[in-house]
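Please look through the sequence and the model below before reading on. The paragraphs after it go through the structure part by part.

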Amino acid sequence: MARIPDRLRIATRKSALALWQTEHVAARLRALHPGLAVELVPMSTQGDRVLDRPLAAIGGKGLFLKELELAMLDGRADCAVHSLKDVPMLLDGPFAIAAVLERADPFDAFVANRFAALEQLPAGARVGTSSLRRQAQLRAARPDLQLTDLRGNVNTRLARLDAGDYDAIVLACAGLARLGFEDRIRSRLAMPEWVPAVAQGAIGIESRADDAAVRTLLEPLQHDPTRRCTDAERAMNRRLHGSCQVPVAGHAVLEGDALALTGLVGDAGTGQLLRAHASGDARDPEAVGLAVAERLLAQGAGALLGH
């Protein structure tokens, strides 16, 4: 049996939200394992450094992981904490998601200073978001709006809204709440009309798949219902070959022994949306995810996804 280490080094991005999430994980680990020395290893990733182009144009959300994974490979870190929605559907060989924490609010937030809801925006209003998933659903709901890219951390995006660059922006409810900005949420964009990003609101911890000692430390943080739901969402996305280059959304809920998943594929340019739903045995979330993906592909999702 692997010897349990007395020190754990967690790689993290340097953004305020990433640091909050990693401190949250560190506090949970210290409470679970008295005597364990938990250290943060803050790093800057390419996804954080290149802010003048949309993520889809520079290689996708995997850019937030690579430096953290290198730190695990060369022995500078033992694990890494991520927003699970930023984690690619397929991890490179030596890595695995060791634990998924209980999900916070999975939905999106409509944030504006002069308007309380999306419906209240005047024709032609400027809305900031770089997410193609959000753009597709905004285009479907309000084809009259001007949608413009908005990158950067939460504070940067709020500052640009407050400076008058936008009439409204769309952010994740969970990120705003974690940073103490819950009062900026004017309304929630929620199911069934609005489908969130796959795994939005969930924190995932990545480690080397073969590091049994570290995985043993992280195991108690696993929240099984969240893991099953996000496994279904990620399985759907994996079958669709989804990434942040394409607008894919998914949201799963547990209903007793069953798991129900709604999936969406959209076109950010036209606002065309395809939706599908399936439910199945909660013990096999992957099968539910694949069923929804196949129903979306049968509707023509492949053409929207560029397959």
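What follows covers the cores, a pocket, a helix and some loop residues.

This is a predicted model, in which local features need pLDDT of at least 70, side-chain atom pairs count only at pLDDT 80 or more, and totals for chains, interfaces and linings use all residues. Residues are numbered from 1 along each chain as its sequence is written, and side-chain values use heavy atoms, with hydrogens and water left out.

The nonpolar cores come first. A nonpolar core is a set of buried Ala, Val, Leu, Ile, Met, Phe, Trp, Tyr and Cys residues joined through side-chain atoms within 4.5 Å. Buried means under 20% relative accessible area, exposed over 50%, and partly exposed in between, with a 1.4 Å probe and protein chains only. In soluble globular proteins, nonpolar side chains tend to be buried together. The largest core here holds 28 residues, and those with the most contacts inside it are Met236, Leu240, Leu259, Leu261 and Leu296. At least two residues each come from strand 4, helix 9, strand 11 (248–255), strand 12 (258–266), strand 13 (273–281) and helix 10 (285–298). Helix 10 gives the most, with four residues. Helices (H or I, at least four residues) and strands (E, at least two) are DSSP runs, numbered from the N terminus. A second, separate core has 18 residues, including Ile10, Val38, Val81 and Leu217.

Met236 lies in helix 9. Met236 is buried, with a relative accessible area of 0%. Leaving aside neighbours within four places in sequence, Met236 is in contact (heavy atoms within 4.5 Å) with Val198, Val248, Ala249, Gly250, Leu261, Gly263, Gly289, Val292, Ala293 and Leu296. Between Met236 and Leu296 there are 60 residues of separation in sequence, and their C-alpha atoms are 9.6 Å apart in space.

On a 1 Å grid over the protein atoms alone, a cavity is a set of points where a 1.4 Å probe fits but cannot get out, and a pocket is an open set with protein on both sides within 12 Å along at least five of seven lines; lining residues have an atom within 4 Å of a point. Grid points are joined across faces, edges and corners, and a volume is the space filled by probe spheres set on the points. The second largest pocket contains about 210 Å³ of space. It is lined by 13 residues, of which Ile97, Arg227, Asp231, Arg234 and Arg238 are the closest to its centre. Strand 4 (95–100) and helix 9 (224–239) are the elements that give two or more residues to this lining. The largest share, five residues, comes from helix 9. By class, the lining has eight nonpolar, no polar and five charged residues. In this scheme Ala, Val, Leu, Ile, Met, Phe, Trp, Tyr, Cys and Pro count as nonpolar, Asp, Glu, Lys and Arg as charged, and the others, Gly among them, as polar.

Next comes helix 5, which spans residues 132–141 and holds Gln135. Ser131 caps its N-terminal end, with a side-chain oxygen 3.3 Å from the backbone nitrogen of Arg133. Arg133, Arg134, Gln135, Ala136, Gln137 and Leu138 are buried in this helix. Gln135 has a relative accessible area of 10%, and its side chain reaches the backbone oxygen of Thr129 at 2.8 Å.

The loop between strand 9 (187–189) and strand 10 (203–208) contains Gln200. Gln200 counts as buried at 1% relative accessibility. Its side chain makes a polar contact with the side chain of Arg133 at 3.5 Å. A polar contact is a pair of N or O atoms within 3.5 Å; within protein, one must be able to donate a hydrogen and the other to accept it, and residues adjacent in sequence count only if both atoms are side-chain atoms.

Most residues other than glycine have a negative phi, and most peptide bonds are trans. Pro192 is found in the loop, and the peptide bond from Met191 to Pro192 is cis, with omega near 5°. Ala199 is in the loop too, with a positive phi near 70°.

Tyr166 is buried, with a relative accessible area of 5%. A polar atom of its side chain lies 3.0 Å from the backbone oxygen of Asp149, and the side chain also makes a polar contact with that of Arg160 at 3.2 Å.
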